[in-house]
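I opened the notebook to look up charge pairs, the ligand site and a few single residues. My notes follow in the order I took them.

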Amino acid sequence: MAQKLKVVVTAGPTREFVDPVRFLSNPSTGKMGFAVARAAAAAGHAVALVAGPVALKTPKGVRRVDVVSARDMLAAVAREVAAGADVLIATAAVADWRPKRRARQKLKKGEMDGTLALVRNPDILKTVRGVRKVGFAAETRNVLKEAVRKCREKDLELIVANDVTEKGCGFGTDTNRATLVRRDGTVVRLPLLTKLALARRIVREIEI
Ligand code: C5P
């Protein structure tokens, strides 16, 4: 077997609470990230899966760390990296914004005037350093161009790009058609695969 790696995988959505009963989020189910964690563990790597709120079972042999918000996810990933992770594979659909204020009590209907002030969340993949990084880019246009830009901007060794408007791709599906873009600029267009098959392909890439 190739060298055993310590792999951190982020998966699922994050939730950004407005008050105790309301939040901003997205439809991510965590399927891609859980498939990556499963494939990496099956290949003999030590896997920490930092998961947002999802309804999936933890894959065999995987250590799972549950988080809620983007800032929680960043803290959990930073801890794993500080503890000696080799590779970070970021599949999570992190909420880009959070409410500027989180009310301690449930807001009454009349307390909202229709404007919700938001602030930017940290970019986990961009912020974390000292680890090999693999990212995902879910796009609706200019897929390749955006992937190349993100690969450079976030200092990734590999980015997995896909057009989420395509049939069989995107949130909640069991399949994905992805294009791999490596740091050296090589592009590998993959056919429509199950998320598990794509996960195995990604794991092989990090073993090189
Ligand atoms: O810039 P964009 O959100 O499209 O980048 C997607 C990649 O960055 C994914 O790998 C995602 O997990 C990661 N990301 C992150 N933290 C964010 C936003 C995205 O780690 N706040």
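I count a salt bridge when a side-chain nitrogen of Lys or Arg lies within 4 Å of a carboxyl oxygen of Asp or Glu. The model is predicted.

**Entry: salt bridges**

I looked up the total. The structure holds 14 salt bridges. Side chains of opposite charge can pair when their charged atoms come close.

Which residues are linked in a network of salt bridges? I found K126, E146, R149 and E153 joined this way.

E146 and R149 meet through their side chains, with 2.7 Å from N to O. Both residues sit in helix 4, three residues apart, or about one turn of the helix. E146 has a relative accessible area of 18% and is buried, because the cut-off is under 20%. R149 is partly exposed at 36%.

Next I looked up D19. D19 pairs with R22 in a salt bridge, and their closest N and O atoms are 2.4 Å apart. Is D19 buried or exposed? D19 is buried, with a relative accessible area of 0%. R22 is partly exposed, at 33%.

I moved on to R132. R132 forms a salt bridge with E157, and 2.7 Å separates the closest N and O atoms. This pair links distant parts of the chain, 25 residues apart. R132 belongs to strand 9 (residues 132-139). E157 belongs to the loop between helix 4 (143-153) and strand 10 (158-163). I noted R132 as partly exposed, with a relative accessible area of 26%.

Where does the ligand sit? I found the ligand in the largest pocket. Helix 3 (124-127) and strand 9 are the elements that give two or more residues to the shell around the ligand.

I listed the residues around the ligand. They are A90, T91, A92, V94, P122, D123, I124, L125, G135, F136, K150 and K154.

I then looked up polar atoms at the ligand. A backbone N or O atom of I124 is 3.0 Å from a ligand nitrogen. A polar backbone atom of F136 is 2.8 Å from a ligand oxygen. For K150 a polar side-chain atom takes part, at 2.4 Å from an oxygen atom of the ligand. How much of the ligand does the protein bury? Taken alone, the ligand exposes 450 Å², and the protein buries 85% of that.

**Entry: N121**

I looked up N121 and placed it in the loop between strand 8 (118-120) and helix 3. N121 is buried, with a relative accessible area of 8%. I followed the side chain of N121 to the backbone oxygen of A95, at 2.8 Å.

**Entry: positive phi**

Most residues other than glycine have a negative phi. I looked up two residues against that background.

N142 is not a glycine, yet its phi is positive, about 45 degrees. I placed N142 in the loop between strand 9 and helix 4. N142 counts as partly exposed, at 48% relative accessibility.

D155 is not a glycine either, and it has a positive phi of about 55 degrees. D155 lies in the loop between helix 4 and strand 10. The relative accessible area of D155 is 47%, and I noted this residue as partly exposed.

**Entry: two arginines**

I looked up R201 in helix 5 (residues 195-207). R201 counts as buried at 18% relative accessibility. What does the side chain of R201 contact? The side chain of R201 makes a polar contact with the side chain of E205, at 2.7 Å.

I then looked up R79 in helix 2 (residues 70-82). Is R79 buried or exposed? At 55% relative accessibility R79 counts as exposed, because the cut-off is over 50%. I also took a distance from R79 to C151. The two are 72 residues apart in sequence, and 23 Å separates them in space, C-alpha to C-alpha.

Methods. Residues numbered from 1 in each chain as written. Predicted model: local features only at pLDDT ≥ 70, side-chain atom pairs only at ≥ 80, totals over all residues. Heavy atoms only, no water. Buried < 20%, exposed > 50% of the residue type's maximum accessible area, 1.4 Å probe, protein only. Helix = DSSP H or I, 4+ residues; strand = E, 2+ residues; numbered from the N terminus. Near = heavy atom within 4 Å. Polar contact = N/O pair within 3.5 Å; in protein donor to acceptor, adjacent residues only side chain to side chain. Areas by Shrake-Rupley, 256 points an atom, 1.4 Å probe, with all protein chains shown as cover. 1 Å grid on protein atoms, 1.4 Å probe; cavity = no way out; pocket = protein on both sides within 12 Å on 5 of 7 lines; lining within 4 Å. Sits in = over half its atoms within 2 Å of the grid points.
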